Amino acid sequence: MKSVLKKGITSHQVFWPLVGLALLLLFNAIFTKDFFLLEIKDGHLYGSVIDILNRASVLMLLTIGMTLVIASGGIDISVGSVMAIASSTIAVLLSGKTVDVNQHLVSNISLGSALLLTLGLALILGLWNGVLVSYFGLQAIVATLILLVAGRGIAQLITSGNVITVNHERFFYIGGGFLFGFPVSIFIVGAVFLLTLIFIKRTPFGLFLETVGINRVAGRFSGLNVPLVTLICYSISGVCAGMAGILMTSEVRSSDPNTMGNFIELDAILAFAIAGNSMAGGKFSLSASMVGALIIQTIRTTIYSRGVAPEIMLVVNAVIVIIICSLQSERVKTTIARYSWTQGTAE
Amino acid sequence: MRENQDLLVMKNITKHFPGVVALSHVNFDLREGEVHAIVGENGAGKSTLIKVLTGAESVESGEIFLSGKRIEAKSPHHAQSLGISTVYQEVNLCPHLSVAENIFIGRQVMKSGRIDWKEINKRSERSLARLNIKLDVTSNLDEYSVAIQQMVAISRALDASAKVLILDEPTSSLDKNEAENLFTVMRKLKTEGIGIIFITHFLDQVYQVTDRITVLRNGEWVGTFDTASLPRLQLVAKMIGRDIEAFHGNAFAPGDQGEADRAQHHPFYQGTHIGRKGTIDPLDISIAKGEVMGLAGLLGSGRTETARLIFGVDRADSGKTFVEDQEVAIHSPHDAIRLGMGFCPENRKTESIVADLTVRENIILALQGKKGLREFLPRKVQEELANKYIQLLNISTPGCEQLVKHLSGGNQQKVTIARWLATQPALLILDEPTRGIDIGAKDEIQKIIVNLAKEGVAVLFISSELEEMVHCCERAAVYRDKKMIGELGKGEISEQGIMQMISGGHGGPAAGANEP
């Protein structure tokens, strides 16, 4: 019976991250008051679970891009800076003059073109990373480190070092609005996730990506355009980071180029790894990565709602991450299995 | 004076790696003041033997004696302190340090708590002078040629009071004159009583400088011979493991039907004067549909290099390429695949198998690569293709969703062949397709090759085993020292003929014709 289970559900990569997430939720169900309570106010759903989904959306977007890049055998540590650039860009584009007596704001350009321009810029930044890695042969961590450092400066240049407050009601709908009772951000993430999944599963891209990650030489010998595959990964990562920047700017209604997306690349890498994906590249599960991002946000929300003292918050965070990662380690699993087996026979 | 004394004796050395016997009861002995060559094809066990000797790998069974005392080196560093020094193929020195620093790195001469540079420089000059070299030892190492850097590496190895000096492929990056200088130094060291182990795949050099030769094959000790009394032809025979007398039939017996058709066939692929500096001398080659053409030669002689040029893995820097009489430019494997070529490379693990993917994914990879990103093979078509080739090539796997890394070597090789058959190639290049797989699978792969040709595919076949070469090929080009030195036509291919050409014994394609 046990062996049947082991070959069935547990062999699926998304299983153990889901177990981790379930344990976290179970903990909250027992110890956190009203954790699963959903309220309807003005036709919108409110509650801790919705809150986690909403807040995790930025990280999930970044993790989608990060998953593809690491699967190709690289890494993209510039995503936080790309977020900041996107944030500054859209904030500057949407700021404008207030005219007439009603204090209506007239932005410099329309919302649609502002979004397109910002995403276009994010795409260019992703392409820049991709070209450095795949055509210039730079090591991924070095190539993206350049943009990590320089990008922060570019973001500050765009806003002249200031924090820009955005006044654009329709723009706020992206990060703060509701659709069918759910936050809009959830739909955005869902759409990007599904599109990426289709791209991976219904085109040759998934096969090419895994081949490049596992054995790039064999890929080249089999006629794959290895540099192009790599370039596509970094481009998607750039666009995802751009979307994340827009989403966050819309949510906080301002753009601070100094703090926006600081260290968030580490969270995205962690979300990828906590999901049981290999940092060496190759085989990966995008769904598991999404669960990984949710785990990270759930830990954060749990710590906040438990009222953990700020000084030890990071330590608690680290301990939980270690536990979840150990859950997936083959060595830990076999040790536990052996232990429980000897216990069983002793009885 | 003390010549002919055994300096180093290795007895009955055995070493296993997971799944393979790397060394099986190998014997080796080195005398004072001798240069002793270790030769053998790839995978013969040369480097494993050296690793065992220098402590880079542990000895499983067997004994090693140095000057009569039993030793067991725990690490290359330990071996060096015992008097066994190695100079590796790639010079592993620090290019940005001075020559003197390189020679004395890790064992600086100290004087009142500080490094005594004067002494170090003086001693460096002295130790280089021992090798007849005079240069500014305070200059950075990378200001000197590779040949000089090699001398510095040797001088560094010798300074540690070496008794045994191991030179691992020292001449592969040297030109003729530089190699000659190295030999002069080797002869000088000989007179000082140092025993030198010389590993090389250049047979000319073996005859130029060595006193004795030890031949290894597939981890086994074939024998140790006096260089002067071992003709070249016999040496090659021992390396490849074929007796000259042995004769095996050709799969394309004269009178074989369709032979006339094939003879009239236009070449599918034609390369005129294609070459690449430092890799392979310019050569002419043409392959017609329905024929199996062999490339014969020792490892590193230019066989694989030719295949890589044809398939666009490396770019040719001279010559023209024609496919079906059209001049074409092949810049990448993708170009070659679109022109109807396929290539099973020599190193299955690193160049062809994608270990973590399934059998199905591995089989359809090249076909999907040929179609590119836009045209997706539906899952159902993929499965049909995979199952078809699993059946056709008799690949033993529980199913097409099995990960390819769980298959045996022979079955993995069949999967890579299936990968290319799925693209329906007009020209298939097979580089050592039967290496490291069991006899049964070997036989099946040979049959596949012959059948492919009968179905009209042009096959370029590379193998170190002359027996299967003679069995499968209608024509064979023979390589020596990065050069195509001749071609054997129908009826001229024999193991002896090929061996004579490889060894340079009698040179010229005519030699193959007068077999006994």
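**View 1. An open, antiparallel sheet of four strands in chain B.** In this predicted model, four strands of chain B are arranged in the order β14-β13-β16-β17 and form an open sheet with antiparallel pairing. The edges are taken by β14 (280-288) and β17 (326-328) of chain B; each has a single partner strand, so one side of each is left without a neighbour in the sheet. From one strand to the next, the twist averages 20°.

**View 2. The pairing of β16 and β17 in chain B.** Strand β16 of chain B covers residues 318-323 and pairs with β17(B) in the antiparallel sense. Three bridges make up this pairing. Which residue is the bridge partner of F322(B) in β17(B)? The partner is E327(B). Strand β17(B) is also one of the edge strands of the sheet.

View 3. Helix α10(B), residues 303-311, lies across β13 (267-276) and β14 of chain B. The helix runs at about 65° to β14(B).

**View 4. The side of chain A that touches chain B.** The contact between the chains takes 19 residues from chain A and 23 residues from chain B. On the side of chain A, the elements that give two or more residues are α9 (205-214) and α10 (216-221) of chain A. Helix α9(A) gives the most, with five residues. Sorted by class, this side of chain A has eight nonpolar, seven polar and four charged residues.

**View 5. S160(A), a residue with positive phi.** S160(A) is not a glycine, yet has a positive phi of about 55°. The residue sits in the loop between α6 (140-158) and β5 (164-165) of chain A. Is S160(A) buried or exposed? With 10 other C-beta atoms within 10 Å, S160(A) is exposed, because a residue counts as exposed if 12 or fewer such atoms lie within that distance.

**View 6. F180(A), with a positive phi in a loop of chain A.** Phi of F180(A) is near 50°, a positive value in a residue other than glycine. F180(A) is placed in the loop between β6 (178-179) and β7 (182-183) of chain A. F180(A) has 9 C-beta neighbours inside 10 Å and so counts as exposed.

Terms used. Residues numbered from 1 in each chain as written. Chains lettered and ligands numbered in written order. Predicted model: local features only at pLDDT ≥ 70, side-chain atom pairs only at ≥ 80, totals over all residues. Contact = placed C-beta atoms within 7 Å. Nonpolar A, V, L, I, M, F, W, Y, C, P; charged D, E, K, R; others polar. Pairing = 2+ DSSP bridges. Axes fitted to C-alpha atoms, helices over the stretch in contact; angles between N-to-C directions. Buried ≥ 20, exposed ≤ 12 C-beta atoms within 10 Å, placed from the backbone.
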